[in-house]
Amino acid sequence: MSDTYFQLFRVAAERAAMFRSRAARLPQSPRKDYRAMLELFNAPVPDQGGVPQEIVEQLADTAEQGLQMATGPRFFGWVIGSSHPVGVAADMLSSAYGQNTGNHQAAPAASACETIAARWLLDLLDLPRESSVGFATGATVANFVCLAAARGEVLRRAGWDAEGQGIFGAPEISVLIGDDAHTTVFSALQYLGFGRDRVMRVGTDEQGRIVPAQFARACAGISGPAIAVLQAGQINTGDFDPFTELVAMAHAAGAWVHVDGAFGLWARASARQRPLIAGVEAADSWATDGHKWLQTPYDCGFAIVRDELAHRRAMTIAASYLPAVEGDERDPSHYVPELSRRARGFATWAVIKALGRIGIAEMVERHCAVAQAMAAKLASVPGITVPNNVVLNQFMVRFAAGLADEVADRLTEETIRRIQRDGVCFAGGAKWRGQQVMRVSVIGLETDMAEGLRSAEAMIAAFHAARAKLGV
Ligand SMILES: *Cc1c(COP(=O)(O)O)cnc(C)c1O
């Protein structure tokens with residue numbers, strides 16, 4: 001058996017290293033799409049077990065034909081970090097160790113490492129040090145965890161025990177949220193019984209930021225328990241709600257303030273970007289991702305709650321066979337919905353050590369500078385516009401060429417298709433204010449100025465080719 005481990009793990013590590021070391025040279029789009037990949041994987045359930053090494057090689061041979069190049073230096077799709085190699089190596093160990101990271105007795109090393117990583121996160125993000133941190137799958141679940149803590153606490157203040165009695169018959173909770181909040185926050189609200197459509201949506205400006213006057217009006221309508229959801233880093237514009245003003249208004253109305261900062265919260269880690277996000281520290285809870293700007297491997301997100309008791313009331317799992325909390329041991333399961341789960345703290349700890357405080361700040365600043373330069377280069381071409389003010393690492397591009405909206409939409413779609421087909425770089429599309437745009441998220445670990453500008457050139461070439469093809 002011991003030979004099997006060495007052979008098997010060596011094959012996996014070699015395949016992984018081969019893939020990653022070639023990422024910059026490969027086309028930045030998958031070679032095969034979902035349907036083609038379905039064909040390749042399609043087979044009946046095997047009756048007999050197979051040969052370990054062959055299985056791993058077959059998986060790699062097959063999967064590599066349809067991988068998205070999210071770890072490449074010219075990948076700008078969605079908002080996807082690129083799994084820092086040190087984090088990946090740590091994650092390989094997490095898998096091999098097989099630690100069930102539910103509590104400190106089942107997983108002493110993993111629990112302790114997570115405790116320290118949690119402290120480091122509060123330090124790097126400069127959030128209240130008394131806050132508790134749950135290591136979740138991503139920002140969707142982190143938002144859910146924080147909003148569950150919020151729900152429990154605002155009802156507790158109104159004399160209602162949500163954790164024990166549920167929410168039927170409870171005092172109604174007003175939920176305020178910006179019109180340009182991320183779709184997954186509405187999902188989190190849906191899971192919690194708030195309803196996606198029942199919440200009070202507050203109007204936003206051209207950058208997707210909540211308009212203070214409209215927020216003030218919404219606050220004036222609050223009577224009783226309330227939660228306000230703000231945003232650090234709008235998915236298309238990268239911009240921030242004006243926290244100082246909004247948090248004060250929400251608190252004056254007695255609301256719990258939650259901030260979705262999936263990627264944008266990391267602006268805190270850089271002295272240069274930090275003024276953009278001033279006042280965010282006055283909120284009550286924050287959700288952010290590890291697997292976006294921090295570059296931890298998938299999956300990893302953090303639910304940060306100022307009031308640890310509220311956090312624990314919402315999430316604690318208690319059973320006679322689980323250890324009671326006596327001393328100051330921290331059980332990972334008290335801060336997230338899962339009991340059994342992987343040791344996310346190992347990869348988080350390792351990536352923070354690999355980058356360091358200065359490395360994280362430099363990376364954030366580099367990505368913002370590359371976004372600025374790419375946007376400027378694109379906008380300098382007649383017919384190409386950048387609809388947002390580039391304040392962070394996200395921007396949009398519209399290939400309109402002065403055409404009527406509907407034709408401009410088609411030209412933008414055709415340009416995106418060509419960019420993806422050419423494979424020099426990768427970016428996807430979205431609708432913004434009813435118009436088709438291309439979204440660019442500068443977040444790759446290896447994305448620098450040269451890679452960014454080379455990508456902008458490829459985008460411009462695709463635009464000219466798309467124009468020629470459509471004859472516009
Ligand atoms: C990505 C993102 C989310 C969801 O995070 P996941 O890690 O995909 O679960 C939520 N809000 C914002 C602003 C995001 O960018």
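**Burial, phi and a helix face**

Me: Why does Arg-433 count as partly exposed?

Reply: Its relative accessibility is 45%. Buried means under 20% relative accessible area, exposed means over 50%, and partly exposed is in between (1.4 Å probe, protein chains only), so Arg-433 lands in the middle class. Mind that this is a predicted model, with local features needing pLDDT of at least 70, side-chain atom pairs counting only at pLDDT 80 or more, and totals for chains, interfaces and linings using all residues. Numbering runs from 1 along each chain as its sequence is written, and side-chain values use heavy atoms, leaving out hydrogens and water.

Me: And what makes Gln-295 buried?

Reply: Gln-295 has 0% relative accessibility, so it counts as buried. Gln-295 is in the loop between strand 6 and strand 7 (strands are DSSP runs of E, at least two residues; helices are H or I, at least four; both numbered from the N terminus). Its phi is near 75 degrees, positive in a residue other than glycine.

Me: What puts the buried residues of helix 4 on the same side?

Reply: Those residues are Gly-87, Ala-90, Asp-91 and Ser-94. They cover an arc of only 105 degrees around the axis, which puts them on the same side of helix 4; the arc is that of the directions from the helix axis to the C-beta atoms. They pack against helix 12 (344-379), where contact means heavy atoms within 4.5 Å.
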